[in-house]
Structure formats: C-alpha cells, structure tokens
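Take a moment to look over the sequence and the model below. Then follow the chain piece by piece.

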Amino acid sequence: MTIGLETRLREVLDKKSVEKLGEELDLDTIGDLLGHYPFRYIGQGERPDLGRLAIGEEVTVFAEVRAAVARKYQPKRPGKKARRAERLEVVIADEDGRTLTLVYFNQPWLKEHLTAGKQGLFVGKVGQFNGRLQLNSPQHFLVDEWNVTSGLLPVYPGTAELPSWKIMKAVHTVLGLVPGLADPLPREIRSRLGLLGYGEALRRIHRPETHEVLGAAKKRLKWQEALVLQTVLVRRKAESLAEAATPYPAGGAILDAFDARLPFDLTAGQRRVGAEIAAEIAQPHPMHRLLQGDVGSGKTLVALRAMLQVVAHGGQAALLAPTEVLAAQHHRSIAEMLGDLANGGQLGAPPEATQVVLLTGSATAAQRRPVLDAVRTGAAGIVIGTHALLYDGVDFADLGLAVVDEQHRFGVEQRDALRAKAQRPPHTLVMTATPIPRTVAMTVYGDLETSRLTELPAGRTPIATHVVPYTDQRWMQRTWARLREEVAAGRQAYVVCPRVGDDQKNDDDLGGADGDKRPPLAVTDVIEQLRGGPLQGLRLGLLHGRLDADEKDRVMRAYAAGEIDVLVATTVIEVGVNVPNATAMVVLDAERFGISQLHQLRGRVGRGAHPGLCLLVSEAAEGSSSRERLDAVASTTDGFALAELDLEQRREGDVLGAAQSGVKSHVKLLSLLKDADIIEEARAEAAALIGADPDLRGEPAFAALVDDLAADRGEFLEKG
C-alpha cells in the first residue's frame with residue numbers, strides 16, 4: 001500500500017485513536033493530522049515555573065518525577081462501610097527544584113510507571129488540598145515513551161478526551177510512515193527563497209531540535225499558505241477580467257439630475273472614488289470593487305451615484321443589507337436623497353425618475369406583490385432588501401449592479417445567489433464600514449480592487465469618547481445627567497447594552513456592581529431601571545433583534561422623527577443607522593464589545609451639526625487588557641489605526657470571519673499581522689506565476705492545492 005498525505009488514518013492507526021482524532025478534532029487523513037501543528041513548545045529555559053501556578057488554571061508542565069508514594073485511606077460514604085482505597089501521591093519538580101504533587105486514585109500500577117528520575121508532560125487543572133497545590137489525576141506522557149531525549153517538546157491543541165500527548169504519539173507514528181513527500185511548491189521559487197522541502201518542514205515543525213530549526217520549518221509552511229492563497233486570489237481576479245458584463249456609460253439623466261440637486265459638495269475622496277467606480281462600470285467586464293470607509297465617510301452616497309449610473313442606462317441596482325433595520329434605513333435615506341426622482345411612474349414625476357423599493361423577509365404577500373412586479377418589469381431601478389432578495393420568485397428585469405453592504409455578514413451562498421439573479425455577471429460593489437488593515441484586505445479581499453474613503457464630509461462633527469467606571473456612583477450619576485442635558489437641549493441619545501434579556505432577572509442597578517461576576521446587562525432590564533430611575537420622565541424607546549420587523553421599523557421611524565428621546569438598544573444599531581439629531585451614546589458593559597464594534601457604535605452620534613459624545617461604561621480594572629482596549633478607542637477616532645490594534649488583539653480566525661472558513665482551514669500558521677512581508681512577496685510571486693502560466697499546467701502539484709482552496713466551501717472567494 002502506498003502511504004501519502006491523503007491516506008486515511010484508519011489505515012495506519014488503531015481504531016480508538018482514529019475515533020478520538022475524528023470526533024474531537026475532525027482529523028481524517030495523515031495530511032489532516034500533520035497539518036494539526038503544535039501551538040507551543042517546551043524546551044530548556046522555557047519550562048513552566050511550578051511556583052507560579054494559579055488555582056483553577058489548566059496547565060501543561062514539563063517536570064521530573066522525584067518520588068511516588070501509595071497511601072491507603074478510608075473513603076467517606078454516609079451509611080455505607082466502604083472498602084479501603086489507595087491514593088498515589090507523585091512529587092514532581094522543575095529545574096529549580098520547585099515541586100508539585102500529582103494525585104491519582106486507585107491506580108496502583110502507576111507507581112511502577114512514574115518512577116523517580118523520569119521526565120514527562122503532565123496536563124491537568126491546578127487544585128489545592130491542605131494548603132498545597134496539586135494536579136488531580138492529570139494526563140501524563142513520559143519522554144522515554146516517545147523515544148526522544150533532546151529538542152523541543154511540542155504541545156498540541158487538544159481536548160479533555162484527546163490531550164496533547166496522545167496527539168503527539170499519533171503524529172510520531174505517521175511521521176515514520178511518510179519518509180518522502182513530493183513538494184508542491186514550484187522548484188524555482190523554493191530554491192530562490194532558500195525554503196526547506198515540504199516533508200522536511202513537516203518533520204521539523206513536529207519534532208524540532210532547536211528554535212532555529214523550528215523557525216525554518218514555519219517559514220516554509222507559511223510561504224506555502226501565503227502563495228496558495230494569493231494565487232487563488234490573483235487567478236480569480238484575472239478570470240473576472242475575462243467575463244463579459246453590460247457596460248453602463250458614465251453620467252446619465254437621473255444621475256445628472258441628482259448631482260445638480262445636491263445641497264453640498266462631494267469630498268475629494270468621494271469624487272475620486274466615484275470616478276474610479278464610474279469608469280469600471282462603463283467597461284464590458286464586471287467590476288469587483290471593495291469600498292471601505294470609516295464611520296460617516298459617505299459611502300452610501302458614493303454607492304447611490306453608482307446605482308444611478310446603471311439606472312440611467314436601463315439597468316437595475318440591488319442593495320443587499322444584513323438586517324431589516326439597516327435595509328429600512330437605506331430605503332428611507334435613499335428615497336429622501338432622491339426626492340421626486342424616486343417617484344418613477346407617478347403623476348408629475350420627472351421623466352428620468354425611477355422607483356426605489358424595499359423587500360424584506362417579514363413583508364406580507366400583499367406587500368410583496370407590487371414590489372415583485374416592479375422588480376420583474378424593471379420599473380424599480382433600485383431594489384433594497386435583506387436576504388429576502390435571494391428568494392425564488394424575486395426576478396430582475398436586468399440586474400446590472402449588486403451593492404453588498406457589510407459584506408462579511410453574508411455567507412458565500414447568499415452572495416452567489418444574488419449574482420445568479422442577473423442575466424450577465426453584474427458589476428459588484430462591496431461596502432464595509434469597518435476599516436480593514438492592508439494585510440487583511442490583501443488576504444481576504446485580494447481579488448477585489450480596493451477604494452478607501454478617509455475624510456469626513458463637510459458638516460460632520462468630532463466625537464468625544466470617555467471611559468466611565470461603572471462602580472463609581474458619582475461618575476454614573478454624571479453620565480445620566482449628561483444624557484438629560486442633551487435631551488433638554490432638544491437632542492437625542494442612545495443607550496447600548498450587550499444583551500436582549502430573558503426571564504432571568506438580575507439585581508444589578510445602574511450605578512455599581514456587587515463584585516460578583518454578573519451576566520451582561522440586558523436592554524429589557526435596563527430600560528425599566530432607567531424609566532424608574534435616572535432617566536425618569538424622558539421618552540424611552542426599545543430596539544433589539546427579537547422584535548418583529550414592523551415594530552423595529554415603527555421604533556426607528558419614531559426615533560428619527562424625534563418622538564423618542566433615548567433609544568435603549570442592542571448592537572442592532574451598530575451599522576448604518578442615521579439620526580443626525582442623536583448626539584450622545586452610553587455603552588454599558590463596554591468591555592464586552594470589540595474595538596471595531598465600539599468604533600462602529602459611536603459612529604451613530606455626531607452625524608449632524610452638534611458634537612457627539614460617547615461614554616464607555618465599564619468595570620474593567622485600570623491596567624487590564626480590557627481597559628487598555630477601551631482607552632485606545634477613547635484616544636482616537638481614526639478607524640484605520642484602531643483596526644490595526646484590533647488585529648493585534650484578535651485571533652486570526654476571528655479576523656478572517658466565519659464566511660471565510662475556507663481560508664481559515666488553509667491558513668494555520670500565517671499571521672496577518674506578523675507576516676506582512678511574506679504576504680506581500682507571495683502576492684508578487686503569485687502574479688508572476690499566473691502571468692506566465694494562467695492555468696498552472698507546468699505546476700500540477702501546486703495547481704491541485706490552489707484548486708482545493710478555491711473549491712473549499714463552494715468558491716468562498718466569490719464575493720459578488
């Protein structure tokens with residue numbers, strides 16, 4: 001039997017190990033197992049200090065057995081006479097002589113196994129008994145069982161049922177079965193960059209003798225991840241240039257009429273990006289562009305002008321939004337901006353006018369019927385909606401432009417379904433209000449052209465942000481007083497909570513905490529406490545994701561009309577909600593939100609003529625990582641700077657996002673933050689490869705890796 005990376009583990013390992021590896025870690029082949037890399041290594045000078053273990057901590061320690069003593073004891077069993085039992089106490093020590101006790105119950109054979117002088121890994125939770133720290137029945141793996149006496153010991157991501165040492169044994173077994181592996185990287189690139197061979201890199205990452213050896217292995221494997229991913233992106237970009245799309249010339253009657261009515265000048269950035277988009281939509285191949293702009297930079301206006309360019313020449317534009325609240329907000333704001341240009345088909349409307357329609361999942365059959373007719377006949381030039389746009393029965397006359405707002409919230413299948421509504425591949429504009437670090441854009445959105453809006457439109461005011469200690473009654477009283485002052489001045493405010501709420505109430509008030517870890521504050525609790533407390537007498541509104549669509553729309557309309565003073569909400573208001581009269585926001589339990597999320601939330605205030613104020617209420621202690629994160633948000637309104645900081649603090653998989661799970665499964669070592677140089681070099685190498693050999697026929701092994709990633713999760717890189 002020929003054994004390779006594609007060989008199933010069941011053909012080379014015992015049944016029990018195979019079952020555990022499959023159930024716990026979803027590992028099925030030798031390649032899967034060898035791709036499950038250690039997350040750290042234990043070596044000389046790096047072994048845990050047994051004097052610094054914390055009670056309750058899950059630890060993996062490397063130490064030497066000093067003694068093992070078996071003790072008989074009488075278990076306490078009420079009402080029963082129990083048989084005497086045996087407890088084995090094993091004392092282990094680190095290199096500095098600090099000791100820790102391991103306790104095993106009724107396992108007498110371990111005394112012959114854990115003898116003095118043996119070294120090994122011991123995995124368990126730190127407990128305490130009679131004032132001494134101990135590990136109760138820890139998993140263990142002795143070095144002599146692995147047949148390695150030198151080098152770094154790998155520690156693998158595992159589970160309670162499948163600890164690191166069991167994974168280590170399985171890896172050791174399969175490494176011996178694949179002594180020679182074909183190298184998929186192009187030989188010329190590998191040689192020029194001085195990279196290890198693939199098989200050698202795999203062996204060295206699992207059994208490195210030194211940090212230098214480990215570094216060389218990681219560099220080789222990172223390069224493979226980067227080059228495969230960038231080649232997929234470069235090839236996808238090249239293929240899109242070969243597709244045929246309907247060209248829509250720049251300008252046009254409805255766009256010209258709209259521009260003539262604008263009561264303000266476009267920013268330089270809006271003019272520049274608008275020209276880029278207009279030129280691409282006029283081409284006979286589909287535009288694929290990412291428009292990223294900080295909070296309030298005017299992305300919607302840029303997108304609307306692109307939609308009007310398409311409508312002016314007989315096409316339709318669809319705007320896909322992630323929530324009904326945001327879809328309804330887009331519908332209202334676009335209709336208001338267009339005025340009678342949105343009254344297509346009505347008496348007295350300008351001849352160039354079109355219809356702007358809204359379609360959401362909660363619409364009744366009676367509400368949907370005229371909308372679907374307008375979409376099918378082409379009377380509706382601009383169609384705004386949620387995932388309801390993707391349903392069967394929503395048929396476009398001529399979909400020419402798909403605008404996807406907050407693209408990362410949509411799965412691959414949803415984006416593909418929208419593209420499938422068009423007779424020819426539509427032009428695609430992906431908008432995101434979350435600034436994206438350059439390496440992330442290059443890795444996740446590398447098949448899209450990128451445009452950035454970095455300046456705020458005229459009239460936008462700065463937002464002051466402050467961190468408020470939740471446990472300080474005076475600060476909290478002043479917080480609520482500030483909201484009352486804004487309302488008294490004729491303005492409005494938000495209060496944001498991390499949770500909707502349920503039947504389980506808690507006794508927390510809004511001025512402090514009792515020191516116990518409590519559940520996150522919920523809007524349903526907070527609004528009642530505010531009504532009867534610090535905001536008594538004000539008009540409060542409630543908004544969260546569990547409300548039905550009609551109620552959400554009613555609340556947002558009332559708030560926009562000034563009929564609600566303070567809107568108590570969850571993060572359903574995070575993106576796109578635009579109420580210029582809202583000037584203040586209080587974010588409760590702010591430490592429970594991420595940097596980008598806080599930046600998006602505060603962007604809901606200061607959107608009019610008055611300065612914005614955002615108060616981040618938190619229990620996070622001074623000097624803690626959570627407090628440092630909040631202080632960073634308070635210190636700057638530069639979303640791109642905050643995005644870089646966010647990347648530093650988050651796991652790579654979180655950054656790549658659930659919709660990019662195909663990427664996550666192939667990018668295991670590459671760090672978007674630390675490996676920017678590799679990513680950039682790989683991009684250039686990929687462009688050269690595809691330029692010389694578009695189908696990669698000269699590199700079949702490498703082409704197989706590229707095809708595998710491109711196919712993972714049904715072409716996850718199809719962003720249109």
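This is a predicted model: local features need pLDDT of at least 70, side-chain atom pairs count only at pLDDT 80 or more; totals for chains, interfaces and linings use all residues.

Start with one term: two residues are in contact when heavy atoms lie within 4.5 Å.

Of the 720 residues, 53% count as buried. Now take contacts between residues at least 6 apart in sequence: 74% of them join residues at least 24 apart.

How far can each part be trusted? The mean pLDDT of the chain is 85. A value of 70 or more is reached by 89% of the residues. Confidence is highest in strand β17 (residues 492-496), at a mean of 97. Helix α22 (residues 652-656) has the lowest, at a mean of 51. Over residues 511-516 the pLDDT is below 50, and this stretch has 12 contacts in the model beyond near neighbours in sequence. Residues 713-720 also stay under 50. For them the model has 36 contacts beyond four places in sequence.

Turn to an open sheet. Which strands form it, and in what order? There are seven, in the order β11-β12-β10-β13-β14-β9-β15, and the pairing is parallel. At the edges are β11 (355-359) and β15 (449-453), each of which pairs on one side only. From one strand to the next, the twist averages 20°.

Strand β9 (residues 288-293) runs parallel to strand β14 (residues 427-432), and five bridges join them. Leu-290 has Val-430 as its bridge partner in β14.

Helix α12 (residues 324-338) lies across β10 (316-320), β11, β12 (380-385) and β13 (399-405). Its angle to β11 is about 170°.

Helices also pack against each other. Helix α9 (residues 253-261) meets helix α11 (residues 299-312) at an angle of about 145°, and their axes are 7 Å apart. Which residues of α9 and α11 make the contact? From α9 come Ala-253, Ile-254, Leu-255, Phe-258 and Asp-259. By class, the contact has nine nonpolar, one polar and two charged residues.

β20 pairs with β17 in the parallel sense, over five bridges. In that pairing, Val-495 stands opposite Val-586 in β20. Strand β21 (residues 612-618) also runs parallel to β20, and four bridges join these two. Here Met-585 stands opposite Cys-614 in β21.

Why does Cys-497 count as buried? The cut-off for buried is under 20% relative accessible area. Cys-497 is buried because its relative accessibility is 0%. Cys-614 is buried as well, with a relative accessible area of 1%. What about disulfides? A pair of cysteine sulfur atoms must lie within 2.5 Å to count as one. By this rule, the count comes to zero disulfides.

Key:
Residues are numbered from 1 along each chain as its sequence is written. Side-chain values use heavy atoms; hydrogens and water are left out. Two strands pair if DSSP finds at least two bridges between them. Axes are lines fitted to C-alpha atoms, for helices over the stretch in contact, and angles run from 0 to 180 degrees between N-to-C directions. pLDDT is the predictor's confidence in each residue, from 0 to 100. Buried means under 20% relative accessible area, exposed over 50%, partly exposed in between (1.4 Å probe, protein chains only). Ala, Val, Leu, Ile, Met, Phe, Trp, Tyr, Cys and Pro count as nonpolar, Asp, Glu, Lys and Arg as charged, and the others, Gly among them, as polar.
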